[in-house]
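Please read this briefing alongside the sequence and the coordinates.

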Amino acid sequence: MSERATPSVAQVGLIGLFVTALVTAQVTASKLLGFELPFALPLAGEMLVLPGAALAYALTFFASDCYSELYGRTAATVVVNVGFVMNFVLLVLVWSTIAAPPAPPQAQSVDLAAFGNVLGSSTAIVVASLAAYVLSQNWDVFVFHWIRERTDGDHLWLRNIGSTATSQLLDTVVFVTVGFVVLQGLPPSEAVALIVGQYLFKLGVAVVDTPFVYAVVGAVRSREDGSTASYSSGA
């Protein structure tokens, strides 16, 4: 039996970043952040309202775009779908920890009700994320390679921003609607403000992270001599 190829440090690192950012996003998303603006945004007003997971989740698209560019559509789709399953693992681990009996000393020193409320609130977020994630991440990979094929592999900035901009819009609308309106009763007017603020933030991240996508892709290709970047366009 031949020995399987060992994954590169870059490959494992990008997968690690993707999964770490994804799990962080699920655990922190129930807290809403508010940032005062010196101007008013349409529908959102002078307050930029974001879920606590906004930055962490934006990093998942950065990682998946780098991975998709370097290792191809099929490999990126595998990572996305494995990440989807990890959401269920997160739910099982969180709820089993909440349900498990505490040790007597800690039962007196830790507010167990608050512990359960904080971690348990992630359930609604994870449910919403499952719906948004499976749509937006697969859409991101599809659009990324659709643009790549139509530009003959040129203009990495275009496929990075184009795929992320459209997938983040899809993700934000589904995530806020399911996680905050349907499951937590957030008023529609507040949901609209949350959608606008979160999407503008994510769109800004997509633009800002483009030079970093170039840097990561360039560094990995240089280090690995392009071997991991060559793949069939139909992969």
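The points below are grouped by topic.

The model is predicted, and the chain in it holds nine helices and two strands. Of its 235 residues, 40% count as buried.

**Overall fold**

- Followed along the sequence, the secondary structure elements come in the pattern α-β-β-α-α-α-α-α-α-α-α, which accounts for the nine helices and the two strands of the chain.
- Among the contacts in the chain with a separation of 6 or more, 76% are made by residues 24 or more positions apart.

**Nonpolar cores**

- The largest nonpolar core has 35 residues, and within this core Phe18, Phe175 and Val176 touch the most other members.
- Two or more residues of this core come from each of helix 1 (9-28), helix 2 (54-71), helix 3, helix 6 (122-150), helix 7 (156-182), helix 8 (188-208) and helix 9 (210-224), and helix 2 gives the most, with nine residues.
- When neighbours within four places in sequence are left aside, Val176 is in contact with Val181, Ala191, Leu194, Ile195 and Gln198.
- Another core, which lies apart from the largest one, is made of seven residues, including Leu41, Leu48, Leu50 and Ala54.

**Aromatic pairs**

- The structure holds four aromatic pairs, and one of them joins Tyr57 and Phe61, with ring centres 5.5 Å apart.
- The planes of these two rings stand at 85°, and because an angle over 60 degrees counts as edge-to-face, the pair of Tyr57 and Phe61 is assigned to that class.
- Tyr57 and Phe61 are four residues apart in helix 2, so about one helical turn separates them.
- Tyr57 has a relative accessible area of 6% and Phe61 has one of 1%; because buried means under 20%, Tyr57 is classed as buried, and Phe61 is classed as buried too.
- The rings of Tyr67 and Tyr71 have their centres 4.7 Å apart and their planes at 45°, so this pair is tilted.
- Tyr67 and Tyr71 likewise lie in helix 2, four residues or about one turn of the helix apart, and both of them are buried.

**Salt bridges**

- Side chains of opposite charge can pair when their charged atoms come close, and a search of the whole structure finds five salt bridges.
- Arg159 forms a salt bridge with Glu69, in which the closest N and O atoms are 2.9 Å apart; with Arg159 in helix 7 and Glu69 in helix 2, the pair links distant parts of the chain, 90 residues apart.
- Asp171 forms a salt bridge with Lys202, the closest N and O atoms being 2.7 Å apart; because Asp171 lies in helix 7 and Lys202 in helix 8, the bridge ties together parts that are 31 residues apart in sequence.
- Asp171 and Lys202 are each buried.
- Through salt bridges that share partners, Glu69, Arg148, Arg159 and Arg221 are joined into one network.

**Surface**

- Val78, Val82, Val85, Met86, Val89 and Leu93 make a nonpolar surface patch of about 460 Å².
- One of these residues, Val78, lies in helix 3, which spans residues 73-99.
- Val78 has a relative accessible area of 47% and is therefore partly exposed, as the limits for that class are 20% and 50%.

Key:
Residues are numbered from 1 along each chain as its sequence is written. This is a predicted model: local features need pLDDT of at least 70, side-chain atom pairs count only at pLDDT 80 or more; totals for chains, interfaces and linings use all residues. Side-chain values use heavy atoms; hydrogens and water are left out. Buried means under 20% relative accessible area, exposed over 50%, partly exposed in between (1.4 Å probe, protein chains only). Contact means heavy atoms within 4.5 Å. Patches are made of residues with over 30% relative accessible area and no salt bridge: like charges are joined within 9 Å, nonpolar side chains (Val, Leu, Ile, Met, Phe, Trp, Tyr) within 5 Å. Accessible areas come from the Shrake-Rupley method with a 1.4 Å probe; for residues, only the protein chains shown count as cover. A salt bridge is a side-chain nitrogen of Lys or Arg within 4 Å of a carboxyl oxygen of Asp or Glu. A nonpolar core is a set of buried Ala, Val, Leu, Ile, Met, Phe, Trp, Tyr and Cys residues joined through side-chain atoms within 4.5 Å. Rings of Phe, Tyr and Trp (its six-membered ring) pair if their centres lie within 6.5 Å; planes under 30 degrees apart count as stacked, over 60 as edge-to-face and the rest as tilted.
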